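Here is a friendly walk through one protein model, meant to be read with the coordinates open beside you.

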Amino acid sequence: MIRRASLVLVGALMGATAMGVIYSAVAPAEAAGTSTYKELSIFGDVFERVRAQYVTPPQEDKLVEAAINGMLSSLDPHSSYMNAKDAEDMRTQTKGEFGGLGIEVTMDNDLVKVITPIDDTPAAKAGVLAGDYITAIDGQSVRGLKLEDAVEKMRGPVKTPIKLTLIRKGVDKPIELTVVRDVIAVAAVKSREEGGDVGYIRIISFTEKTTPDLEAAIAKIKKDIPADKLKGYVLDLRLNPGGLLDQAINVADDVLERGEIVSTRGRNPDETRRFNATPGDLTDGKPIIVLTNGGSASASEIVAGALQDLRRATVLGTQSFGKGSVQTIIPLGDGNGALRLTTALYYTPSGRSIQGTGITPDVKVDQPLPDDLKGKLTTEGESSLPGHIKGQSETDKGSGSSAYVPPDPKDDIQLNYALDLLRGAKTDPAFPPNPEKAVSSK
């Protein structure tokens, strides 16, 4: 999350450049020309000289992996090679279930601080409390470790034990706990009532759990708030870095009756794919306000762009990240990892490419930074990434905006503005959107 440097101890979080991703079987490649093979022979010569003459013996597999990643990183910031372990982590991450302890952590004074244990997980059952500091993992001090490295040490196979050394306020001696790792299911969607008349739904990321979690959240809100009192929904996509393309399509389809959701266009015109909504709006046509900020990327932008273009929802907040490319995960065979390759750009129903521009909200509402964060959070977007693919509509203005969300809803200006619109306390020409002005696909 951008508002605090935290990781859930069930696997690395996808960053703000996470992709709209699809999986693919290995496709045959076209044969390279003679000049290409000549260049490859030069690479082979360089590799042999490094292997034989470098001052210290290099790890050959690391050399090859670095060479592959160097080639892919020269294409764009999102193409890369994943070794077998990284590929498995990616597959695990998109499932929304991980082997771990079930705690959210941050780094504080060179120690791992527990933000909160997740209910009914190994950490919670073992007695880990919010505010605890982890000083050692299996007897090894965490000082000097990066947060990601500490997280990696605490992950591991299900049913294996790990020993944590904790210090706790009010306790004189360090506490030693043995925790047995287990499968942690991470909710992709969180929801709640707002004032008994609005349903608030936050999509955290687009994993295999997103669609069923969303549908369960809508059903619960409809059960808890009578239809005659339910004024609408807030769909919060702030700080959502993206994820699976099919899940973004499903989310949009859940609240649309018709229309194109997104199209993906690759290198060749015949590779264009269009995805359309099917009848059935789970929200029964209730008004929807979508919240976006600079942390809304990729799959989040697909959903926001579709609902905006089809005039199903009003987008409120600030400019999104602007990542409009799709990566295909191409397995390279058992034990060989996988290739993450940019294979297409996606377009909203009106034919907009979001690449390098992002989604412009219908109602712009800034969220001020608290004094202690001013000057510490940088605004980044796809357009600021070195080597990014330049979007067809990209300008010097670029994409992205602040990606801060207050931890306390009462301080959340964007959320409260949305609630005021839904309740009629505020008005805006963009709300509710006029469905007669929905765009046609291009």
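## A serine and its surroundings

Setting aside neighbours within four places in sequence, serine 399 is in contact with Ser320, Phe321, Gly322, Gly356, Thr357, Gly358, Gly381, Glu382 and Ser383. Please keep in mind that this is a predicted model. Serine 399 sits in the loop that runs between β22 (363-364) and α9 (413-423). Is serine 399 buried or exposed? Its relative accessibility is 9%, under the 20% cut-off, so serine 399 counts as buried. A polar atom of the serine 399 side chain lies 3.2 Å from the backbone nitrogen of glutamate 382. As for leucine 345, 54 residues separate it from serine 399 in sequence, and the C-alpha to C-alpha distance is 16 Å.

In soluble globular proteins, nonpolar side chains tend to be buried together. Here the largest nonpolar core has 41 residues, and Leu235, Ile261 and Val290 touch the most other members. At least two residues of this core come from each of β13 (198-203), α6 (210-224), β14 (232-236), α7 (245-254), β16 (260-265), β18 (288-292), α8 (299-309) and β21 (338-347). The biggest contribution is that of α8, with six residues. Another core, of 21 residues, lies apart from this one and includes Ile103, Ala123, Val142 and Leu164.

Beyond its neighbours within four places in sequence, isoleucine 261 is in contact with Ile249, Ala252, Asp253, Leu256, Phe275, Asn276, Ala277, Ile302, Ala306 and Pro349.

How many residues of α8 are buried? Eleven of its eleven residues are, among them Ile302, Ala306 and Leu307, but also Glu301 and Asp309. After α8 comes arginine 311, which has a positive phi, near 55°.

## The cavity

Rolling a probe the size of a water molecule over the atoms shows where empty space is left.

| Property of the largest cavity | Value |
|---|---|
| Space inside | about 90 Å³ |
| Nonpolar lining residues | eight residues |
| Polar lining residues | one residue |
| Charged lining residues | no residues |

Which residues line the largest cavity? They are Ile201, Leu214, Ile218, Tyr233, Leu235, Val251, Val255, Thr283 and Ile288. Both α6 and β14 supply at least two residues of this lining.

Terms used. Residues numbered from 1 in each chain as written. Predicted model: local features only at pLDDT ≥ 70, side-chain atom pairs only at ≥ 80, totals over all residues. Heavy atoms only, no water. Helix = DSSP H or I, 4+ residues; strand = E, 2+ residues; numbered from the N terminus. Buried < 20%, exposed > 50% of the residue type's maximum accessible area, 1.4 Å probe, protein only. Contact = heavy atoms within 4.5 Å. Polar contact = N/O pair within 3.5 Å; in protein donor to acceptor, adjacent residues only side chain to side chain. Core = buried A, V, L, I, M, F, W, Y, C linked by side-chain atoms within 4.5 Å. 1 Å grid on protein atoms, 1.4 Å probe; cavity = no way out; pocket = protein on both sides within 12 Å on 5 of 7 lines; lining within 4 Å. Points joined across faces, edges and corners; volume = space filled by probe spheres on them. Nonpolar A, V, L, I, M, F, W, Y, C, P; charged D, E, K, R; others polar.
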